[in-house]
Structures are given as structure tokens and as C-alpha cells.
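Reader: Could you walk me through how to read a few packing features here? I would like the general idea and then the case at hand.

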Amino acid sequence: MAIRKKPSWQAPRIGVGQINLLENLSNASAISGQEDAVRKIVLSEIKSHGSDYEIDPLGNVLVTVKGRGRSLPKVMLAAHMDEVGFMLVNDEGEGLFSFRAVGGLDARQLAGKAVWVGKDQHPAVIGAKPIHLTTYSERQNTMGMASLRIDLGPSNSKKAQVGDQATFATKFTRLGPSLRGKALDDRLGVATLIELIKNAPANIDLLAAFTVQEEIGLRGAQVAAHRMQPDLAIALDCTPANDLPMWDGSANEQYNTKLDAGPAIYVADRATLSDPRLVAHLQRVGDTYKIPYQIRQPGGGGTDAGSIHKQRGGIPSVSVSVPGRYLHTAASIVRLADWRNHVGLIHAALSHIDKNTLKR
Amino acid sequence: MKELIQDLVQIAGPSGYEADVREYVQKDLKGHVDEMKVDPLGNLITRKGPKDGSGLNVMLAAHLDEIGVIVTHLDDNGFARFTTVGGVFPRNTVGARVKFLNGTGGVIGMEPTGYSSVTPINQMYIDVGVTKKSEMPVKVGDVAAFERTFEDLGKRLVSKALDDRVGVAVLIEIMKQLKDTPHNVFGVFTVQEEVGVRGAAAAAYGVDPDLGIAIDVTLTGDTPKAKTMDVSLGKGPAIKVKDSGMISDPRVVAWMEAGAKRARIPYQKEILTGGSTDARAIQITREGVPAGCVSIPCRYVHSPSEMVDYKDVQDSVKLLVQLLKRPIKL
Amino acid sequence: MTNSKDLLNKMINAPGLSGHEAPIQSIVEEAWKPLADELNTSKLGSLHALQRGTGKEPRPSILIATHMDAIGLMVSNVTDGFLRVSEIGGIDHRVLPGQSVTVHCVEGDLPGVIVQPPEHTLAKENRGGPVPLDGLWVDVGLSPRQVARQIDIGDLVSFASDAVEMGDTLTGHSLDNRASVAALTEALTMLQKRPHHWDVWAVATTQEEETLGGALTSAFELRPTLAIAIDVTFAKGPGSTGHDTFPMNKGPVLGWGPNIHPKLFGELKSAADRLEMAYKKEPLPGMSGTDAITLQVAASGAPTAVISIPLRYMHTPVEMVHTKDITRVARLLTEFIAELDEDFLDKIKWQEEEN
């Protein structure tokens, strides 16, 4: 099943406008279950484009962009709006709140960070005891989440309440060939999906799902897929690039993905065994269009595909992610080139989907 | 039936890559069932019996897939690092042989970590007999199954992948032997069971049965110093009461017990505290499905040398055929 | 309330472990029959009772789920007249030695007791500390022959301690979650006298403690417009004093987090305010640990909320609730349901959709 390059094909442009959109998305606070701020940005973008959309009972934004023609393949693309962060769980007075993680966070990453609390992003900090007052043995142990507090300052104690969200307070910035920000997992996917809606290929019906609650168990995508009933699905996400040098100079063989090596196609993670036909399709398209890609090391982790593929009578699914360093921390770093190639690969792959894509 | 089992276990079909096993079943069942189709995830759904009869829509499920390994990295000297597909125990893997879907054979070795404790998978590698990365016949993302010959020990059979090819063989036999059932019987050969009963969920949604029964293997407690699991090889098919993922519908358990007693087929009752089967997914599909499981007792599950008792296998076929011949009232 | 107390007493003295809810189901069915316009059972044994609304068709519907299954034990092995058991639901094995139990076998119920075996009969690693479940025995006092004849693997073992009333508090096993079934029953009684636009599906769900499968499949079948799970939460008490515990007799606890639709939470709060009823907010950063986990994502999903009754000593045979909290939950439900009108869905629109 060879693919012939479409001479007129062009990748959707990722320029200043798109990077500004990503900046807005990255700077917005939206933990799982409180995705309002990102949903707002998404809605304003797709409304200006004039696509049909609905918001489902969980808060997923579901957009349909019909192609030209009848009974076209229905292709679902999913990108999650939520990020990992915190929920305030106890008001201890004087602006101090104890908190719990929402999604997977490393307790060693929290002390001494600035955070934004609530919808209005009130500034606050996660403090730590001065080194002068700690003992040697204390410093050998992780400061557990239960011992840390989010501090809004004594005069702001009324600005937050139990149940409010908090996220890292990291402003998006460009660093040479790289982009740095919080929540690039998965605001990059969200930005990509917005561009794909604006540049939707006409050979498919594009079903775009901006999902909620991915970080706490792929729950938004589950009901989105049930509602949308696609023929096949692609999750657009971010995946760790653990490609740093080894302490002893030996070869790093557990990198998951590498920066600068292009978008990462999944074969297997903890939640999904990708449909081999879709993996092959993406690889063929990448080879034909000379768009670099990498195979993500099979292993742990999971994306929205994990719940999508099990819906109804089964939905062949695959994930393609932008590699990113330091995901689920205050500041992640990705390469702009990897993002561009991600958008290009997905767009080209969509342009070549037809009835034969799923022939065995 | 021994030949059928032998054929089935020798095909490689790790989770997600069950195509070759599925094709074998398709060929073998041709002419024995009324309908056959493959669903979007690759489940093979066969059907036999009257569509609008007085009986129930019964779904029987046996999974095609087996545990395996998948390549994560190729190093410069031609060794492949890997991770597991399904529940592979590290203690069973060193020295094991694997076969990739493209036919490449390999052996699993480990870094010199000492022999006192179990070496974790990430300190093992697959040696496919080459010395340079450029000569590697496999790439990152390729999957392989364990390779071990089938042994007929007379009363007992030993092989890799008896979990659940022995269930597949039982289901094939049932579909062949069922002649005048009042029920609309769906013999479903599922995919991706070993990674979390994924195929059965979609298949059950498509079939929408009135009754669901998984056919799978279960652990035993009849080996030296085994924990108190009350299932033994050779004492008949095990009727599942509960496992760590589901509680069998008590009506289904009672129906199976009564059927076994009536047909004078030996049986045992099973409570499994580690593991589950396709019945878990079937039970909570759509509006819910009364579900149960007939288990074939199996020693050394998820090792390259699993062992079953041949009479248990035959009795499992007998039990289900007997049950499905008659009307079912739960 | 007397009726409700009687019902609750009856319910918590009845068996009905997860996956085997038939005994409790028939009690709930009897209680709900006079309160329902329609009554049916799901394929997994959940009980569905419909109280029709007065609104014009097609009417929206609200599903209220209370799980009726209980935790307990199951016979997994019989040796020389003694029984090994495995757990149904999560039980701390440290509360088991000395508990009176009932073994339910085909021929009838047998009384028994969970025993901690003499130290020297234990495996070495089990000596001197709490004995794990697979080291404990159940002794029914019968001869090995009688036991072998009467008891089979898979027979259920439930707690046999009686319910005890202590003023306004009630203690016994299975109050998780039959206290909520009682609350829902009270609400159904109140709603009979109070007109409501929406259809109300009261559901006593199965298998909550093991698979959450009862709520999942009932929500799939009934496709409610809204869904609320009523369950118990941790009450403040000895050893339980943190921010994740709530005082008894201070009103219902409303869950807040990704498992709960934020606007539905707000509307429940308003209903409590209208009743001038105190309530607490329970932050749930992850999942709620209730039927709402599956109610929210069944089929294409539904807006979901969680209301809880504070309960001490959860998953022990001496669970404790304040009966006034049960009635408060019933009143809150009634107020909320009765005020659901045709425009309610506009009130819980995602805010970005407004304007």
C-alpha cells in the first residue's frame, strides 16, 4: 500500500500567531475537572472559524468538521485540555492551605515554587523551611506533599477556598529553537488540534475532541468517543523525552523519546496497543513526505487513546505525541521543530486516510 | 483435540498481534458455523444456532492472545532491549527463547547482576545472533512471543501459551460439536485479554448477549507448598465463583453446577485472588450481562511451560456442550 | 421516620454481599413498591423504581444511586472442619478475630466465629503481629464431616453483629451504604406528596464495593439526564480527625472535584440554603470512591454529583451514623428534585457557553 505524495500538499503553518495561541493556552490554569479557562480559549478559536460544536456533560468540547462527500471516514482526534496541578483541600487560616495533587506529580518538584490559585490566578507560593532550621537527616528525605502548604499571604486568606485549583506559575517563553512553559502537556495538542480544524482535509469527516480529565484516568475521552462514534482515532499528546546523559557516561537506553527526532508514534503503552495498520500508515506518510518521526519506546504511560479504543464495538486507535522534557513539572521544554513536524505528519496522514486504510 | 491444541500453541500471537492465530481459527471453523466476522479491534466473532429461536444469545469468549515481549531499544552491538506485553514474570524469562513475528529467533540474556535476586526486565536483553546494530533483523516496536516446544506427557500437556490456546481449542470444539442448540451461540475469539481484557469489552458491546461465559485457564494450589487455592489439575473444569476482577453471577454458577451434576462431569469451584478473565469485561457491558467462566486448571501460568490435564480439557468441552444443548433459565 | 428506622434496622441485619444482593434486594423492593409507579430489575440485579414527573413528555430524568451491596467474606477452602475465607470488598483483617459471622450455605445459615489460631499453628511470618486473612479460620462448631457435607467453596460469610440503637445514633454492619438506601426511601416518600416535573429513577445498585458495575450498567440502561450518588463518607471520630473527615449530625456532605459537575454542586448548595440546612464541602481531587465514578462516564456521560452521610468506623461491623443526617439527606434530595424545572439544564450550562 504505497502512498503517492500529493503535490499540492502543504503543512499547516506554525508561525507567530500559532505560537501566541500556544502561549495563551500554556499560561491558562486548568487542572482536571476545572478546565474552564482553556475551554474558553478553544471556544473562541473555533467560533471564529465557524465550526459546529457542542459541550458534553463532562465539559468536553466536541467539534465536527465535515469533509466533501458522503460516508467519508470519520476520524476522531483528541487533545486534552487539562493539566496536572493541585487542589486546595483544607483552609488552615492566614492564607495557608494544605493541598493534594491532581494527576501525577513528583513531590520532589514542589517545594519553593510559585503557583497560581483559582480562576483568577492569585499569586501564591509553596514554601519550604529555611535550610538553617533543618537538620541533616531532614534534608535526606523528600518534603512530602502533606507537609507542604500553599501560601497566599495572610491578607489574601479570603481569595481562595477549599476546592480551588492551583497550578505552577510559569510564564511561557521562547528559548532559541525551544519553547518553555507549564502544561505544554497537552496544550501543544490543543493548539495542534485547533490548527487542524482550521486546515481540515476534505477527504474525511474530522471529529475533534478537546477532552477533560485525561490526567486522572482518560475519562473525558471515554464519553467523547462514545458520543462521536468514529471509525478510527488519533490522540494528540505530549510524551516525556528522558534523553539526558547518564550519570556514568554509559548509553541512555531508556529515553522514551528524544528531542529533535520528530513526533513520536506509539506502538504500545500501558493503556493501548496501537492499531498496527495506523502505525504503518503514519510511518508510510512520514517516509513519503520526508517528515521525521520516531517510534516511542514501548512501555508505560497512557493517552486518551487508552479509553477511546475500547468504546462501543471497538475503535482502532493510535497516539502521536510531541516529545517534551520535564513534563509534569513547573517548566517543560519542547522543540518548535518537533511541534511543526507533529502538525505536518498528522495533517499529511489525515489527507491520505480513505476506506482502504483499515483494510487488513 | 491434542493436535488442535498443539497447532494452536505453536502459532505466535502476542496481544495486539493475534492475526495468525485468528486466521488459523477462521480456517479451522470454516463450514462449522453459520457466520463469521472480524470486528474493528480484531476479535473473531463466529455464530451458530437459530437467530430468533426460543433460546438466549450466548457469548462464549476465549482469548487468542498470549503474553510476549516488545523491543524498546537496539544497542550498537546488536542487542535488543525489551519490555513486556502482558504479565511476564522476570524470573521465567532468563534463558527463554523468543520468536519475532518476522520469524527472527532470539534468546533472552541478562546483565551480570548476580543470581541471588530476580533480575528486572530492564537489565535483560534479547540476543538475536548479530554483532552490529546495522545487522539487526528487528526494530523498536517489534513484538515476539515465547518459543517452547509442545510436550504431550500422556495425561498432561505442557507448552507455552496454553493460556489461552487451550481455551481457544475448547471453544473451537464446542462450536463444532454444537448441533441442535436452541440458543444463538456466539463463539468469540478475543484479542488483547492479557493487557486488560480489552478486546472482550468491544466484542461484547457488538454482540450484546443475554449471557456471557469466558473460557480461560486458572491457577492451581496442588503443587508443593502452594498457597491454599482450592483447585487441582485433573479434578475437572473449574466453575468460577469469584476472581480479583469480578464476581460470577450466582445464577450462572448454579446453572453450571446443576449441568455438571446432571451430566456427571467432575467439576470444582474456583476463587482466584490474583487475575481475571474476559468475563469481567462482558459483565459490565451495556445494560449488564449475567456472566461466568469455565476455567481449565493450569499450572505454571505465564511461564513458557504451562501444564494442563487433558481430561479437564475434554470435560470442559463436554460441560459447555451439555449446558448449551438445553434451554437456559437463570 | 419510625418507618425508616425500622426499614434500616431490617436492612442492616440482612445479608446481600456484592454480587449476591438478592436478600437485600427483596427488602428494598418491598419498601419501594408502594412508592413507585414502576419497578424493575437490571440484568445485574440493581433495583430501579420510577416516580413519574408531571412535566410534559419527553421528560428529563434524574437517577439517584444508592448501593445496597455490602462487604463480607466468602469461603475459599475447607480443611478439617475449618474454613478459610477471602474478602468481598475491602476489609482490615485486624478487626476480624473474634467476629461473629453467618455462613450462608445451601441448606441454610450457620452461625460461626472468626478465630485467630494459636500462635504455634501460624506460619512463622504471621506470629506476633496481626494475622493476615489467609491465616485466620472460621469455626462453625460442627464436626469436620458435617462441615464437609454442608459447606462449599463460594459460600458467603456475612457479619452477624446486630444493629444497636444508641439514642439518635445507630450502629451495625452494612450501614455503608444502606443508610443511603434508607435516605432515598425517605425522599421517595416525601416526593409522593410533593409534585415534581422530572422523572425520578431511584436505583439500589449492586457490586459497588467490587466493580462499580451495577451503577455503570443501570445508567447505561436508563440514560438519565442527571445522576447523583448517595454514599457514606468518613465521620470525625477517634483516630479520624483530619480535613478528610466530617462531623456527625452537622448535615450532608457535598462532594467537589472532577467527578462532580461544578454547577450541579452549586445547585445542590442552593437547595440546602433554601432549607437553611448546614452542609460540608468535601474536596475530592481524584475520583469520589462512589457509584458516581461510573455514573459520570456511562454511555455518553451525564452531569453527576455526590451527596454523603458521615459514618464512623467504615468497613467494620460496627459502623455508626446519626439518623438525623439520614433525614437531612432525604430532605435535601426532595427539595432539589422538586425544584427541577424545564429550564434546569440552562442553569448548569458550562459558563463559557453562556452569552
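**Aromatic pairs and a helix contact**

Author: Gladly! A search of the whole structure, which is a predicted model, finds nine aromatic pairs over all chains.

Reader: How is a pair of aromatic rings described?

Author: By the distance of the centres and the angle of the planes. Take C:Phe82 and C:Trp137: their ring centres are 5.7 Å apart and their planes stand at 45 degrees, so this pair is tilted.

Reader: Which parts does the pair of C:Phe82 and C:Trp137 tie together?

Author: C:Phe82 lies in strand β5 and C:Trp137 in strand β8 of chain C, so the pair joins parts that are 55 residues apart in sequence. C:Phe82 is partly exposed, with 33% relative accessibility, while C:Trp137 is buried at 18%.

Reader: What is the geometry of C:Trp198 and C:Phe344?

Author: Their centres lie 5.9 Å apart with the planes at 90 degrees, so that pair is edge-to-face. Both C:Trp198 and C:Phe344 are buried. In chain A, ring pairs link A:Phe86, A:Phe99 and A:Phe168 into a cluster.

Reader: And how are two packed helices described?

Author: By the angle between their axes and the distance between the axes. In chain B, the axes of helix α1 (residues 2-9) and helix α3 (residues 162-177) come within 9 Å and cross at roughly 135 degrees. That makes α1(B) oblique to α3(B), and the crossing is right-handed.

Reader: Which residues of α1(B) meet α3(B)?

Author: B:Leu4, B:Ile5, B:Leu8 and B:Val9 do, and their partners in α3(B) include B:Leu162, B:Arg165 and B:Glu173.

Methods: Residues numbered from 1 in each chain as written. Chains lettered and ligands numbered in written order. Predicted model: local features only at pLDDT ≥ 70, side-chain atom pairs only at ≥ 80, totals over all residues. Heavy atoms only, no water. Axes fitted to C-alpha atoms, helices over the stretch in contact; angles between N-to-C directions. Helix = DSSP H or I, 4+ residues; strand = E, 2+ residues; numbered from the N terminus. Parallel < 35°, antiparallel > 145°, perpendicular 65-115°, else oblique. Left-handed = near helix turned anticlockwise from the far one by under 90°. Contact = heavy atoms within 4.5 Å. Phe/Tyr/Trp six-rings, centres within 6.5 Å; stacked < 30°, edge-to-face > 60°. Buried < 20%, exposed > 50% of the residue type's maximum accessible area, 1.4 Å probe, protein only.
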